[in-house]
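Here's a quick tour of the charged and aromatic side chains in this protein. Have the sequence and the 3D view open as you read.

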Amino acid sequence: LCYQVPNLDEVDFYNQKNLKLHLTGNSYIGFKEALGFKESRGDYAIVNIYGYLGKYQFGKNTLKLIGINDSDEFLNNSYLQEQAFTANTARNKWILRRDIKKFQGIRVGGVKITESGILAAAHLAGAGNVKKYLRSGGSVNFSDAFGTSIEYYLKKFSGYDTSFVIANRKAKA
């Protein structure tokens, strides 16, 4: 899936309303755009102070796991960044498949658990930390260097349709 989102001044008024509904709805594209906006304000070329790269703020080790070794190429290639997001999400879904099945629809630590929330939290903290959070009933939490927690991502990214993401242990970009 590769797409470019036009600036609002590039589409007519009727399409502007539809575009906003599509991107803010609960679709997979809405999920990706919301996560990309939260991570980097949608900036493909950004590198944060901790060295995380691109629109989705990937670490170099995660990129290597999904087959990307050249961080300069990654930063300059929006298509590759979208491919990386898709691969990483499929990989996380495979790692967390049993936890998704077990916890989806119930509350953990006061948070209603959804598949999209789990996948977003895994993007933030890694699948292993999400497992620890869920299996501890929410008592083992993780926050990144900016203070963003698994619990926050579980809430913020709840309710998106990620059902068509195919779990893949060996996903590559």
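## Before you start

This is a predicted model, where local features need pLDDT of at least 70 and side-chain atom pairs count only at pLDDT 80 or more, while totals for chains, interfaces and linings use all residues. Residues are numbered from 1 along each chain as its sequence is written, and side-chain values use heavy atoms, with hydrogens and water left out.

## Salt bridges

The count comes to six salt bridges (a side-chain nitrogen of Lys or Arg within 4 Å of a carboxyl oxygen of Asp or Glu). In one of them, Lys55 pairs with Glu33, with the closest N and O atoms 2.9 Å apart. That pair ties together distant parts of the chain: Lys55 sits in the loop between α2 (28–40) and α3 (60–65), and Glu33 in helix α2, 22 residues apart. Helices here are DSSP runs (H or I, at least four residues), numbered from the N terminus. Both Lys55 and Glu33 are buried, meaning under 20% relative accessible area, with exposed being over 50% and partly exposed in between (1.4 Å probe, protein chains only).

Glu115 bridges to Lys93, closest N and O atoms 3.1 Å apart. Again distant parts of the chain are linked, Glu115 being in helix α7 (residues 115–125) and Lys93 in helix α5. Glu115 is buried at 13%, and so is Lys93 at 10%.

## A buried arginine without a partner

Look at Arg91 in helix α5 (residues 78–95). Arg91 is buried yet has no salt bridge, and the nearest side chain of opposite charge, Asp99, is 13 Å away (Lys and Arg count as positive, Asp and Glu as negative; His and the chain ends are not counted). What does Arg91 touch, leaving aside residues up to four places away in sequence? Its contacts (heavy atoms within 4.5 Å) are Leu65, Ile66, Asn168, Arg169 and Ala171.

## Aromatic rings

The whole structure holds eleven aromatic pairs (Phe, Tyr and Trp rings, the six-membered one for Trp, with centres within 6.5 Å; planes under 30 degrees apart are stacked, over 60 edge-to-face, the rest tilted). Tyr28 and Phe85 have ring centres 6.5 Å apart and planes at 40°, so this pair is tilted. Tyr28 is in helix α2 and Phe85 in helix α5, 57 residues apart.

Notes: Helices (H or I, at least four residues) and strands (E, at least two) are DSSP runs, numbered from the N terminus.
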